[in-house]
Amino acid sequence: MASFEEAPPGDAKAGHKIFQSKCAHCHTVEKGAGHKHAGREEEEPGSMVDMWVWIDIGPNLHGLFGKQYGTTPGYSYSTASKNIDVIWEENSLYDYLLNPKEYIPLKKKFPGMKNPQERADLIAYLKEATTS
């Protein structure tokens, strides 16, 4: 596997498009924007009453670089997630984006990005969007 140092230069504008198509349904990047939530209707156990349940689907990524995985304030991480020792930097994010399930075994939904240029572009966008 090539490292981030060997990756092509990233293009933040192209990365923004990738973020919108592959990440924005679960994450936000704007400072103070909050976390992404989804609601679903469920039947309350033991009754015929439906209730609306909010579930966390993705933390806000503002301030991502230099942050340890599982530590975003206000987001509900599992106990196992809080014990994963990953600091988000270009190298760790590049590896994660290639194969999320191998890098962080708890991730189930995101299939990863095999294209090195797309990973570099997304990182360039996130570096710009999450630190301003």
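The legends below describe close-up views of one predicted model.

**Conventions.** Because the model is predicted, local features need pLDDT of at least 70 and side-chain atom pairs count only at pLDDT 80 or more, whereas totals for chains, interfaces and linings use all residues. Residues are numbered from 1 along each chain as its sequence is written, and side-chain values use heavy atoms, with hydrogens and water left out.

**View 1. Overview of the chain and its elements.** The chain holds five helices and two strands, where helices (H or I, at least four residues) and strands (E, at least two) are DSSP runs numbered from the N terminus. Read from the N terminus on, the order of elements is α-β-β-α-α-α-α. Of the 132 residues, 37% count as buried, a term that means under 20% relative accessible area, with exposed over 50% and partly exposed in between (1.4 Å probe, protein chains only). Among contacts (heavy atoms within 4.5 Å) between residues at least 6 apart in sequence, 52% join residues at least 24 apart.

**View 2. The largest nonpolar core.** This core has 26 residues, and those with the most contacts inside it are Phe 19, Trp 88, Leu 93, Leu 97, Leu 122 and Leu 126. A nonpolar core is here a set of buried Ala, Val, Leu, Ile, Met, Phe, Trp, Tyr and Cys residues joined through side-chain atoms within 4.5 Å. Helix 1 (12-22), helix 3 (90-98) and helix 5 (116-129) are the elements that give two or more residues to this core, and helix 5 gives the most, with six residues. In soluble globular proteins, nonpolar side chains tend to be buried together.

**View 3. Helix 3 against helix 5.** The two helices pack at an angle of about 135 degrees, with their axes 10 Å apart; axes are lines fitted to C-alpha atoms, for helices over the stretch in contact, and angles run from 0 to 180 degrees between N-to-C directions. That angle makes helix 3 oblique to helix 5, given that angles under 35 degrees count as roughly parallel, over 145 as roughly antiparallel, 65 to 115 as roughly perpendicular and the rest as oblique. On the helix 3 side the contact is made by Glu 90, Leu 93, Tyr 94, Leu 97 and Leu 98, and on the helix 5 side by Pro 116, Arg 119, Ala 120, Leu 122, Ile 123, Leu 126 and Lys 127. By class, this contact has nine nonpolar, no polar and three charged residues, where Ala, Val, Leu, Ile, Met, Phe, Trp, Tyr, Cys and Pro count as nonpolar, Asp, Glu, Lys and Arg as charged, and the others, Gly among them, as polar. The buried residues of helix 3 are Ser 92, Leu 93, Tyr 94, Tyr 96, Leu 97 and Leu 98, and they pack against helix 4 (100-103) and helix 5.

**View 4. Helix 1 across helix 5.** The axes of helix 1 and helix 5 come within 7 Å and cross at roughly 95 degrees, and the two helices are therefore roughly perpendicular to each other. Ala 12, Ala 14, Gly 15, His 16, Ile 18, Phe 19 and Lys 22 in helix 1 meet Glu 118, Asp 121, Leu 122, Ala 124, Tyr 125, Leu 126 and Glu 128 in helix 5. This contact has, by class, eight nonpolar, two polar and four charged residues.

**View 5. Surroundings of Leu 126 and Leu 93.** Leu 126 lies in helix 5 and, at 4% relative accessibility, counts as buried. Not counting residues up to four places away in sequence, Leu 126 touches Phe 19, Val 29, Leu 61, Leu 64, Phe 65, Leu 93 and Thr 131. The C-alpha atoms of Leu 126 and Leu 64 are separated by 8.1 Å, although these residues are 62 residues apart along the chain. Leu 93, leaving aside its neighbours within four places in sequence, is in contact with Leu 64, Phe 65, Trp 88, Ile 123 and Leu 126.

View 6. Cys 26 is placed in the loop between helix 1 and strand 1 (36-43) and is buried, with a relative accessible area of 17%. Leaving aside neighbours within four places in sequence, Cys 26 is in contact with Lys 36, Ile 57, Gly 58 and Pro 59; from Cys 26 to Gly 58 the C-alpha to C-alpha distance is 4.8 Å, across 32 residues in sequence. Tyr 77 is found in the loop between strand 2 (50-58) and helix 2 (79-82) and counts as buried at 15% relative accessibility. Not counting residues up to four places away in sequence, Tyr 77 touches Pro 59, Gly 70, Thr 71, Thr 72 and Lys 82.
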